[in-house]
Amino acid sequence: EAEARRERLDRASQAMGALLLRGYRMLGSSCPQCGTILLQDKEQRLLCVSCQDPEGGHGMGGRIWGKNGRF
């Protein structure tokens, strides 16, 4: 279980780094579902890298919010 958690954290960190290089902003708030730090794209949409694949898939879950902060 500890190994699986470490792998999830590593994947989230790698995804977050790649998105930051693409222009996403790291916010001071976290996902209400999993606690991961939220990112924001240029259209002001919020993204949790642990819950949603930023390319629109659902590889790790499925949480993305619009400008109003809701699903």
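Of the contacts in the chain between residues at least 6 apart in sequence, 18% join residues at least 24 apart, a contact being heavy atoms within 4.5 Å. The structure is a predicted model, in which local features need pLDDT of at least 70 and side-chain atom pairs count only at pLDDT 80 or more, while totals for chains, interfaces and linings use all residues. Residues are numbered from 1 along each chain as its sequence is written, and side-chain values use heavy atoms, with hydrogens and water left out.

The chain holds one helix and four strands, arranged α-β-β-β-β from the N terminus. Helices (H or I, at least four residues) and strands (E, at least two) are DSSP runs, numbered from the N terminus. Buried residues (under 20% relative accessible area with a 1.4 Å probe, protein chains only; exposed is over 50%, partly exposed in between) account for 25% of the 71 residues.

The chain mean is 79, and 73% of residues reach 70 or more. Confidence is highest in strand E1, at 94, and lowest in strand E4 (residues 64-65), at a mean of 52. Over residues 57-63 pLDDT stays under 50, and the model has 19 contacts beyond four places in sequence for these residues. Where pLDDT is low, the predicted coordinates should not be read in detail.

Strand E1 (residues 25-30) pairs with strand E2 (residues 37-40) in the antiparallel sense over three bridges; pairing requires that DSSP finds at least two bridges between two strands. Ser30 has Ile37 in E2 as its bridge partner. Six residues lie between the strands of this hairpin, where Gly35 takes a positive phi near 90°. Leu46 belongs to strand E3 (residues 46-47) and counts as buried because its relative accessibility is 14%. The C-alpha atoms of Leu46 and Met26 are 9.6 Å apart, with the two residues 20 apart in sequence.

The largest pocket has a volume of about 230 Å³. It is lined by 11 residues, of which Arg8, Leu9, Ala12, Thr36 and Ser50 are the closest to its centre. A pocket is an open set of points, on a 1 Å grid over the protein atoms alone, where a 1.4 Å probe fits, with protein on both sides within 12 Å along at least five of seven lines; lining residues have an atom within 4 Å of a point. The volume is the space filled by probe spheres set on the points, which are joined across faces, edges and corners. The lining comprises five nonpolar, three polar and three charged residues, where Ala, Val, Leu, Ile, Met, Phe, Trp, Tyr, Cys and Pro count as nonpolar, Asp, Glu, Lys and Arg as charged, and the others, Gly among them, as polar.

How values were computed. pLDDT = per-residue confidence, 0-100.
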